[in-house]
Amino acid sequence: MKISLILNSYRVAFISLLLLGLVSSVWAGPILVVGHKNPDSDSIFSAIALAYLKSQQGTPAMAVAQGKPNPESDFVLSYFGLQAPPVVSTVAGHNVALVDHNTYTQAPDDIKAAKLVEIIDHHNLGGIVTEDPITALIQPVGSTNTIIWELYQRAGISIPPAIAGGMLSAILSDTLAFKSPTTTNLDRRAAQSLAVTASVTDISKFAKQMFLAGEADLKTAPIENLLQRDFKIFDMNGNKVGVGQLAAVSFDLLEQRRDAFVSTMQVLMQKENYQTLVLMLTDIQSDGTVLIVIGKNQQHIADAFNVALKNNSFWVAGVTSRKKQIIPVLSKVFSEHNN
Ligand code: MN
Ligand code: MN
């Protein structure tokens, strides 16, 4: 009885080892750290920062991206002398860590054919399901890079100046230089510390320089490109909803193209079968947003903000954050008016 039990546990251990060997050969290579589609600065630099941290901790990891950096991130990359993460179109068969998002609509298309091992994010939970337990760290702060900065502090690992510069830029970008209501004291503390490491002496001056670099092509870029620059797809109660955002210091450049945005959105809506399309044109200086809304729930959305629609759009004062001030309102509208 006793002997067979021991033999049995040996057999279990042997089979487990075999399986482990199989699994580790299937999920090969370094962990790919990837941000969301249409990557912004937070996605680009959180991938770089987390991959470096993991590597320093003895876990091979590599930053990748689901697209080329936007003009703002390009400016930051060259300012601090960093390389853009390589663009990948597939993650199948890899170990993957998601940063700055946690939904299937924003993750790589074949994420289900990869092994998801980690999520570091600051958005609402968006419905990703895993078979195995994973590391997930989701905190309501202004930027994913703030969370990663804390991970560095906890690990006692120092951040190279260039990476610190990228992380600082991402915090400034996501919090609109601390003006967004998503900003927390932790974001400010992280930014102060990262600025010292990156030798950025005047944070607000640097932020303005970065925003202006990111806006350089607002006048000339094709509207389709601008629309996709910071565009996210959401599943709201079974409805396909797209929400883009363009934030600018030179707000008049966005305002001048409002009609072109409306007509381009109408085309995109038909072509890609959206239930509703929303675009936020955010004025960083005066702290508000022109919301363009196309689609069936247009009127309900305007009602939710208690404003009158004019030319498919309206101004909402004090609104600058998609995740905190727009998505919750849209979700509520779609739960109450599901066609
Ligand atoms: Mn982002
Ligand atoms: Mn972010």
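Here are a few questions and answers about helix packing, domain contact and salt bridges in this predicted model.

Q: Why are α4 and α5 called oblique to each other?
A: Their axes cross at roughly 140°. Angles over 145 degrees count as roughly antiparallel and 65 to 115 as roughly perpendicular, with the rest, beyond those under 35, being oblique. The pair is therefore oblique.

Q: How do you know where α4 (residues 144-155) and α5 (residues 161-174) meet, and which residues make the contact?
A: The two axes come within 9 Å. Contact means heavy atoms within 4.5 Å, and on α4 the residues involved are N145, T146, I148, W149 and Y152. On α5 they are I163, M167, A170 and I171.

Q: What makes R154 and E150 a salt bridge?
A: The cut-off is 4 Å between a side-chain nitrogen of Lys or Arg and a carboxyl oxygen of Asp or Glu. The closest N and O atoms of R154 and E150 are 3.9 Å apart, so the pair meets the definition. Both residues sit in helix α4, 4 residues apart, which is about one turn of the helix.

Q: What do the two domains share, then, at their contact?
A: There, 14 residues of domain 1 touch 17 residues of domain 2. About 1500 Å² is buried between the domains, 55% of it on carbon and sulfur atoms. On the domain 1 side, N38, L176 and P181 lose the most area, together 33% of what that side buries.

Conventions: Residues numbered from 1 in each chain as written. Chains lettered and ligands numbered in written order. Predicted model: local features only at pLDDT ≥ 70, side-chain atom pairs only at ≥ 80, totals over all residues. Heavy atoms only, no water. Axes fitted to C-alpha atoms, helices over the stretch in contact; angles between N-to-C directions. Helix = DSSP H or I, 4+ residues; strand = E, 2+ residues; numbered from the N terminus. Buried area = accessible area lost by both parts, 1.4 Å probe.
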